[in-house]
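Please look over the sequence and the structure below before reading on.

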Amino acid sequence: MDNATLFIDTFFKPELIVRYLPDIMKGMVVTIEIAMLVVVAGISLGLALALVRSLRSRIVNAAIIIFVDVARALPPLVLVLIVYFGLPNVGILLPSYAVLWLVLSFLLAAFAEEIFWAGILSVRKGQWDAARSTGLTYSQALLHVILPQAVRLTVPPLTNRTIAITKNTALGTVIGVPEILNQATTAESFSFNATPLMMGAIAYLVLFVPVVITGRYIETRFIWRRV
Amino acid sequence: MLARRNLILEVRGLRKSFGGTEVLKGIDFTVEPQELVFIIGPSGAGKSTFLRCLNRLEEPTDGSIFVDGMDLLHPKNDINAMRRRIGMVFQAFNLYPHKTALGNVTLALRKVMGLANAQAEAIGYAALDRVGLKDKACAYPNELSGGQQQRVAIARAIALQPKIMLFDEPTSALDPELVGSVLAVMRDLQTSGMTMVVVSHEMRFAREAAHRVVFMEDGLVCDEGPPAKIFGPDANPRASKFLAGIAR
């Protein structure tokens, strides 16, 4: 067997591709579903936390900061394992995909909160002055004047962070969520061949390369035109 | 204390401290309807802080402020409703960069006064027309010159039909050739009877347009009177010294 054939047989064995393609596709659907749910929940919760933080209540803000810092400091895998193996001990039995969704959503929320908060802070104080001087309430000024500017500033870092967090859906494999990597490793252990893993890698590329490119486009488009 | 009904603005014993530093040390100040009052003084005198207390962008530490007979500092009075009646124009314009000129003018009309879009836009166009920028209604702030931006900011304030307008160094951030267009709009407002308090270093404008000039120093009103007095030999020596220092 020459090297080329060996390479093909190891990573791109045709009959294995045909056999496991349906499984990998199923995994893609699961990954997409969880990723989308994570994006929606994580960004919404992050924005909500940033808005609450802007009210500047000391106790509440201390709680938010602790949550955010702990979530950002812990490796995601540690959180996934703690929640998955810990919750049943207190009588809460969650399906593994729900655990993955919860953990990743909280993680994204923590990062998103910091990004939104930085965006809110970076809007010049004169904007608050102008808005409040015309009689807008605090929330009206925040909603109509500050947030639209803050969100524009946050789009590039938020896009990057969202991609980074949603890729962590692969962690679901350790708790048995049937996402891409889980399907691929299962297939690998049945076939004793790395082809399904390569298929998994390609599946990730198919999913995330368009997102990365979109992110780059958004980044250039949303560069704020400063007055 | 009863406010005198014929005053648009009545300030008594106004004090403001930041931390341990007292910036305003007990200011008494009144403005009559249709009056244009100029506030001048060295930097650090507390002029801007004073102006910002007049619509509670800064919270006074002590004293009283009555606007058109209403107690601005009374907790029961709706500060947002009162602010709508106190127009403010800033040194840095502070236009909303994500909104067009018209959008800048109509935001408070829609959200504070609760007007329908069509109605708000009609008022918005009229206000922009007033400052000579009706044809720039759809332009974004970054497409406008500094002078035009400041005029939009003035339109944003006058659209709310304020009882009094506060100008915080409205021309200080402008290139010299753009100052005239903003002063012309202010002059027009004054002629039409708008009550105005102006913090500015435009001495020629003060001399020509102001009814009264107030000289502030070190957190206190040091001297006040008609321009002829403040700019003449009868002024407080400190005011004369300040004016001699900035005359070039």
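Predicted model: local features only at pLDDT ≥ 70, side-chain atom pairs only at ≥ 80, totals over all residues.

Chain B has an average pLDDT of 93, with 97% of its residues scoring at least 70.

Chain A has nine helices and zero strands, so that its pattern, read along the sequence, is α-α-α-α-α-α-α-α-α. Because its radius of gyration is 22 Å, well over the 17 Å that the globule rule gives for 227 residues, chain A is more spread out than a compact globule. Its C-alpha atoms fill a box of roughly 80 × 45 × 25 Å along the principal axes. Of the 227 residues of chain A, 36% count as buried. When contacts in chain A between residues at least 6 apart in sequence are considered, 79% of them join residues at least 24 apart.

In chain B, six strands form an open sheet with mixed pairing, in the order β6-β7-β8-β3-β9-β10. The edge strands, each of which pairs on one side only, are β6 (86-89) and β10 (220-225) of chain B. Neighbouring strands of this sheet are turned against each other by 20° on average, with direction ignored. Two of the strand pairs are set out in the table.

| Strand pair (chain B) | Sense | Bridges | A bridge pair |
|---|---|---|---|
| β3 (36-40) and β8 (195-199) | parallel | four bridges | B:V37 and B:V197 |
| β9 (212-217) and β10 | antiparallel | five bridges | B:V214 and B:E224 |

The strands β9(B) and β10(B) also form a hairpin, with two residues between them, and in the turn B:D218 has a positive phi of about 55°.

How many residues of chain B are in contact with chain A? On the side of chain B there are 22 such residues, and they are in contact with 17 residues of chain A. The elements that give two or more residues to this side of chain B are α2 (79-84) and α3 (101-111) of chain B, and α2(B) gives the most, with four residues. Sorted by class, the side of chain B that touches chain A has 13 nonpolar, five polar and four charged residues.

Definitions and conventions. Residues numbered from 1 in each chain as written. Chains lettered and ligands numbered in written order. Contact = placed C-beta atoms within 7 Å. Nonpolar A, V, L, I, M, F, W, Y, C, P; charged D, E, K, R; others polar. Pairing = 2+ DSSP bridges. Axes fitted to C-alpha atoms, helices over the stretch in contact; angles between N-to-C directions. pLDDT = per-residue confidence, 0-100. Rg over C-alpha atoms; globule rule 2.2 N^0.38 Å. Buried ≥ 20, exposed ≤ 12 C-beta atoms within 10 Å, placed from the backbone.
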